[in-house]
Amino acid sequence: MARIVVIGGGAAGMSAASAARRVAPDLDVVVCEAGGFAAYGMCGIPYFLGGTVPRAESLLAYPPSEFRGKRGIDLRLHTRVDEIDVGGRQVGISGGGSTGPLGYDALVVATGADPVRPPVPGLDRPGVFTIRSLDEAIELRRFLDSGAVRRAVVVGAGYIGLETAEALVCAGVEVEVVEALPRVLGTFDEPIAELARGELERHGRLRLGARLDAVRGQAGGRLTAVVDGAEIGTDLVVIATGVRPATELLVRAGARYLPDRSIVVDAGMRTSLPDVFAAGDCVALPHLVLGRPAWVPLGPAANKTGRVAGTVAAGGAASFAGVVGTAVVKVFDLEVARTGLGLGEARAAGLTAMATDVVSRSRAKYYPGGSPLHVRLVHQPDGRLLGGQLAGREGAAKRVDVLATALHAGLTVADLAALDLSYAPPFAPVYDPVLAVAAKALRPATRTPRPTPRPAGNPIGGAP
C-alpha cells in the first residue's frame, strides 16, 4: 500500500492528510505531530488565555478520534521527525512510542513557523513563555488561573503581542508592552499603527524603541525584566517577537528556499525535492501584488495550501493561485486590518506608490452607534491598486475583504470607486468608506506625493 507521511498536525498538515484521504481512500496516511494536539485553531489561543474561550478543547477542529477513526488517518502525537532522507524515501522519527525510519511514497512537510526568541539571558526561567502551541497555552492558562500573576511584560507589539496583551488584561493582569521598533504593528503604515498605539495605551503601558536586556529571578518566584537597563518587576514575561519559517528539515535535505528560509514551491505545493511537498507557514507563496513569491504566514493560506498539497501528493489535481496578504487583528475595542502592500512596502519593492487617506463613518452619521473609520488606499499614479489598510471600532474587519477581492481581481482605483456596494444607515454611509477613499484617490491633488528621488549614485531600495 502506498504511503503519504505528513510532518506537522496543524492547519496545513491536517488539511493535507484529510485531502489525501479523500483523493485516495486506500492510501496509508501518517501524520507525525511533535506536540500533544492536532488540528486546533492557533489564532484562538489569545481568547483561550483571556477566558473568552473557556476550554482548550474548544479550539480543536476535530478530536484525534475523528481522524484516527472515521477518517482513517494514522495520527501520531508527541512524535518528532528528526531528518528527511530523500534518497531513501524515508524520515527518521522519535517519540510517541516509536523510533527509527518511516518510509514514504510522498512526503508533505507542514512544520509551520517557530517563535523568534531574542538572544538575551533568562528566557529559560519559569514564568517566561512564548505563545506558539496549545500545549504551552494550557500551561500559561494554568499559571494565570493560579492567581499568582498580577503583572506581566509582553515583549513585542505585533499581531501576537497585541492580542496577548489584550488577553492578559481580560484575565485581570496589569500589562506592560515592550517593543524595539518605534511603533506598534510594524507591518502597518504609521497613520493606522498610531490608532492601534492609542488604543493599547488606553489599557496598559507601552514602551517603544526599547529592548529586553535580560530576565532575572527574584525571591518568591517573581521576575525582573531588564529593559534598556531599567528593572521592571513582574510575575510573567511573554515573548512575542515574531516568527520565522520552521524549515530546518527541508533546508538540510536540500530543498530550494528564499533568503528568509521559506521554502519555494510551485502551484501544486511541490518543493524542489522529488515527491516532497510543503504547505502552510513554512512556504513562500505567490504574492499577487508583488508578482513574486513571498513569505506571508496566515491561517487561511495554511488551510488552502495544505489541501492542495495533500490532493496533489495523493495523485489528484489542484493548485494554489496566491495571496495578497489580508489580515485583521482586534486591539481591544479597535479593528485593524490590511491587505496588499503598505506604502513603505510598495516603495521598498521599487514601485512608484502613493497613499490616500479618509476618515469616514462606520454608519450613517445620524444613526446611533457609529464611529470614525480610517481608511488608507495605496496605489500608483496610473490607478493601479496596491493595497489598503483600515482601523475603527467597527466596520474595518470585513471592509478589508472588499479591497482584497479588488486586488485578486486586478481592479483599478477607478473600478473600486464604481463598485455597487450595499447601503443602509445601520451599516454604512451612503458613500461607503471604501468608495469614499477610492473617489478621493482619483483626485490628484489629494494624493500623498512621492518623495524627491535620491541623487544619482545613491543606493536604491528600502523605504524612505
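**Strand pairs, a helix crossing and a buried serine**

Strand β4 (residues 80–85) and strand β5 (residues 90–94) run antiparallel and are joined by five bridges. Strands here are DSSP runs of E with at least two residues, helices are runs of H or I with at least four, and both are numbered from the N terminus; two strands pair if DSSP finds at least two bridges between them. The structure is a predicted model, in which local features need pLDDT of at least 70 and side-chain atom pairs count only at pLDDT 80 or more, while totals for chains, interfaces and linings use all residues. Residues are numbered from 1 along each chain as its sequence is written, and side-chain values use heavy atoms, with hydrogens and water left out.

The hairpin of β5 and β6 has five residues between the strands, and Gly95 takes a positive phi near 85°.

Further along, an open sheet is formed by three strands in the order β13-β14-β15, with antiparallel pairing. Its edge strands, β13 (212–217) and β15 (230–234), each pair on one side only. Neighbouring strands of this sheet are turned by 25° against each other on average, direction ignored. Strand β14 (residues 223–227) pairs with β15 over five bridges in the antiparallel sense, and Leu223 has Thr234 of β15 as its bridge partner.

Helices meet as well. The axes of helix α1 (residues 11–23) and helix α8 (residues 299–313) come within 7 Å and cross at roughly 35°; axes are lines fitted to C-alpha atoms, for helices over the stretch in contact, and angles run from 0 to 180 degrees between N-to-C directions. Residues making the contact (heavy atoms within 4.5 Å) include Ala11, Ser15 and Ala19 of α1 and Ala302, Gly306 and Gly310 of α8.

Finally, Ser360 is found in strand β24 (residues 354–361). This serine counts as buried because its relative accessibility is 14%, where buried means under 20% relative accessible area, exposed over 50% and partly exposed in between (1.4 Å probe, protein chains only). Leaving aside neighbours within four places in sequence, Ser360 is in contact with Ser371, Pro372, Leu373, Pro429 and Pro433.
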